[in-house]
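Welcome to a short tour of one protein model. Please have the sequence and the 3D view open side by side as you read.

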Amino acid sequence: MLEDREPSLRGWEAMGVWRGPSTVLTLLLLLCPLPTAACPPACRCLAGDVDCRQRALHEVPPRLPTNASTLLLGYNFIAVLRARSFPSLPVLLRLSLPHNQLGMIHRQALVGLGALQELDLSNNHLATLSPESFLPLGSLATLNLGNNRLEELGTGVLSALPQLQEVFLHGNPWVCSCSILPLWRWLGHNRDKVPEESSLQCVFPEQLSTYPIMAFRNESFRQCQETPLSAQRYATFLLLGLSSFLASIIFCTLMGFIVVIYQHLRKEPRFCRRPLLCRGH
């Protein structure tokens, strides 16, 4: 009987089916997949929804279920989203972070959230945003930046989101200077994506505080769109300025010599007349 079994095992091995313990381990992993991360103690988890609201959290929980589709982190004390603040959440569709103390988002903070479709960052302390922060969010459709401290939005912040369909920007202290030009241009091409475009008003300067940003025309930014000087022209103006400065010094020095000589010549005849005047007496 053993002689009959041995050739059969060798036959299976020759066919590549039998691999010893590694084959058994593979079968066990397929039949019993690894469990997802447990629900964080401060949160409640139910059917893919992870609710961590009003838990006095100062950072994102380090371990989250990998099958999470909704993550609610509102009404906490999160101030910073550091690099890779979130574990890889391949099916996360909604991330909500309103009413925190968020003031800084690292450019790699949202890595691993490629499926995200809705992001709520409203009612925080955000004053600046980097375009790199949103680059991992290629599927994002809705973005809420309302009631932050944004005075401007740099070039590329919103254009880094190719699938963006709706953005909320109300309640920010927009400064209507040349720095608002990138946002003004984006709004001009994406009016349908901003439901509140008529209510986006300047806060500074005060004389423009009643004007919606979209009420401005291209002429309003004419001075902001002037072509900058080329290096050659800049060097030319620099040389002209330096030449003018040296010429003025030489001119002033020459005029000083002329004045001194003139004053000397005016005084010399008076000394010559004194002996004549004395002889007359």
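The notes below cover a loop asparagine, a helix and the salt bridges.

This is a predicted model, in which local features need pLDDT of at least 70 and side-chain atom pairs count only at pLDDT 80 or more, while totals for chains, interfaces and linings use all residues. Residues are numbered from 1 along each chain as its sequence is written, and side-chain values use heavy atoms, with hydrogens and water left out.

- Asn 76 sits in the loop between strand S3 (70-72) and strand S4 (80-81); helices (H or I, at least four residues) and strands (E, at least two) are DSSP runs, numbered from the N terminus.
- Asn 76 counts as buried because its relative accessibility is 3%; buried means under 20% relative accessible area, exposed over 50%, and partly exposed in between (1.4 Å probe, protein chains only).
- The Asn 76 side chain reaches the backbone oxygen of Cys 52 at 3.0 Å, and also the backbone nitrogen of Ala 56 at 3.0 Å.
- Beyond its neighbours within four places in sequence, Asn 76 is in contact (heavy atoms within 4.5 Å) with residues including Arg 53, Leu 57, His 99 and Gln 101.

**Helix H4**

- Helix H4 spans residues 181-189, and its buried residues are Leu 181, Leu 183, Trp 184, Trp 186 and Leu 187.
- Strand S9 (166-168) is among the elements that cover these buried H4 residues.

**Salt bridges**

- The count comes to three salt bridges, where a salt bridge is a side-chain nitrogen of Lys or Arg within 4 Å of a carboxyl oxygen of Asp or Glu.
- Arg 94 pairs with Glu 118 at 3.8 Å, N to O. This pair links distant parts of the chain, with Arg 94 in strand S5 (residues 94-96) and Glu 118 in strand S7 (residues 118-120), 24 residues apart.
- Arg 94 is partly exposed at 36% relative accessibility, and Glu 118 is partly exposed with a relative accessible area of 33%.
- Salt bridges that share partners join Arg 44, Asp 51 and Arg 53 into one network.
- Within it, Asp 51 meets the side chain of Arg 44 at 3.3 Å, N to O, and that of Arg 53 at 2.8 Å, N to O.
- Asp 51 is buried, with a relative accessible area of 12%, whereas Arg 44 counts as exposed at 53% and Arg 53 is partly exposed at 40%.

Key
Polar contact = N/O pair within 3.5 Å; in protein donor to acceptor, adjacent residues only side chain to side chain.
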